[in-house]
Amino acid sequence: MAFLVPVSRIVTGNGGCSLRHFMSEDFLFPDLIYPHLRPHCFGKTIHHFLETGSTNDAARSFAEQGAAEGTVVLAEEQTAGRGRLGRTWFSEKSAGIYASVVLRPLLKPRHAAVLTLGAAVAASEAIERVCGLAADIKWPNDLLLNGRKCCGILSEMQAEGDEIRHVIVGIGINVNQAAFPEDLKERASSLRLEGKQRYSRVEVLCGLLKSFELVYDELQAGNRAGVLQRWAERSSFAFGKQVSVDLGTRQIHGQTAGLEETGSLKVKLADGRVEEVMSGDIVAWR
Ligand code: BTN
């Protein structure tokens with residue numbers, strides 16, 4: 001009897017996996033993914049690590065060596081997964097999706113945040129299509145199921161003057177985690193915990209890459225407003241939500257009033273003034 005063992009086109013590191021483990025898990029082997037993608041851009045080249053520090057760091061180093069737009073870096077496990085605002089990203093082996101995409105957008109640096117919002121739209125669309133779960137988007141790009149975070153996005157830009165050299169969009173999706181560490185369990189969840197079943201990470205990832213490529217094509221064609229509109233349609237945070245936003249040096253409290261064309265969140269304060277929040281963390285809402 002012959003076994004067809006999928007072989008990654010590019011696998012780096014071995015992560016201590018046994019053959020039995022290889023065959024029993026739905027690993028994100030590139031050869032399982034390529035056939036589901038359109039052949040031209042996102043995922044045309046996939047680098048798959050069994051273990052790496054952070055896929056964003058690996059993707060940045062590929063980008064600096066000239067990697068083409070749409071190059072994807074995947075890891076079964078991250079030992080130094082990073083989140084926004086200096087946080088870490090819990091990256092349990094083969095339970096989540098840890099993916100980074102190299103982009104070389106035509107956008108100006110001041111509009112780069114729209115890429116991150118677009119990635120959140122793509123992730124939310126993919127999770128709905130593949131798993132039938134409707135995730136909310138907490139500004140700027142946290143996906144929530146029943147108020148708990150199941151996906152986060154970290155975009156890192158390299159620009160020179162008014163030109164973007166590359167942007168690495170890193171996406172973490174909690175897919176099949178059955179539990180979270182003590183310090184996260186009140187705030188984090190997974191598609192498995194919310195949908196009460198396991199999901200194929202290959203299917204979720206392919207859905208994500210396909211959706212993200214379409215959103216990205218729209219941005220490259222200049223339709224930022226269309227992407228922001230789709231973000232607002234998928235987020236209960238876009239309008240009329242009472243929020244407290246941590247800006248790092250101070251907190252503001254008010255009601256959300258839509259997005260600026262840069263992706264900043266407008267917050268109407270009690271005195272009627274509207275603050276535009278470019279970077280911050282919504283720490284409380286109702
Ligand atoms: C956040 O919500 O704070 C952002 C989390 C981003 C996590 C992903 S996992 C893949 C990529 N590599 C990283 O180190 N971080 C991002």
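**Salt bridges between the domains.** I looked for salt bridges across the interface of domain 1 and domain 2 in this predicted model, and the rule finds three. I then turned to one residue pair, D281 and R84, whose side chains meet in a salt bridge at 4.0 Å, N to O. The cut-off is within 4 Å, so I note this pair as meeting the rule.

**Polar contacts.** I next asked how many residue pairs are in polar contact between domain 1 and domain 2. The count is six, with both residues of each pair at pLDDT 80 or more.

**Elements on the domain 1 side.** I looked up which elements give two or more residues to the side of domain 1 that touches domain 2; they are helix 4 (113-131) and helix 7 (224-234). Helix 7 provides the largest share of that side, four residues. By residue class, I recorded 10 nonpolar, two polar and five charged residues on the side of domain 1 that touches domain 2.

**Bounds and separation.** I checked the domain assignment of the protein, which gives domain 1 as 19-233 and domain 2 as 239-285. Taken over C-alpha atoms, the centres of the two domains are separated by 25 Å. To the contact, domain 1 contributes 17 residues and domain 2 contributes 15 residues.

**Buried area.** I noted that about 1300 Å² is buried between domain 1 and domain 2, and that carbon and sulfur atoms give 60% of this area. Which three residues supply more than any others of the area that domain 1 buries against domain 2? I found K138, W139 and L228, which together supply 45% of that area.

Terms used
Residues numbered from 1 in each chain as written. Predicted model: local features only at pLDDT ≥ 70, side-chain atom pairs only at ≥ 80, totals over all residues. Heavy atoms only, no water. Domains from an automatic or database assignment. Contact = heavy atoms within 4.5 Å. Buried area = accessible area lost by both parts, 1.4 Å probe. Polar contact = N/O pair within 3.5 Å; in protein donor to acceptor, adjacent residues only side chain to side chain. Nonpolar A, V, L, I, M, F, W, Y, C, P; charged D, E, K, R; others polar.
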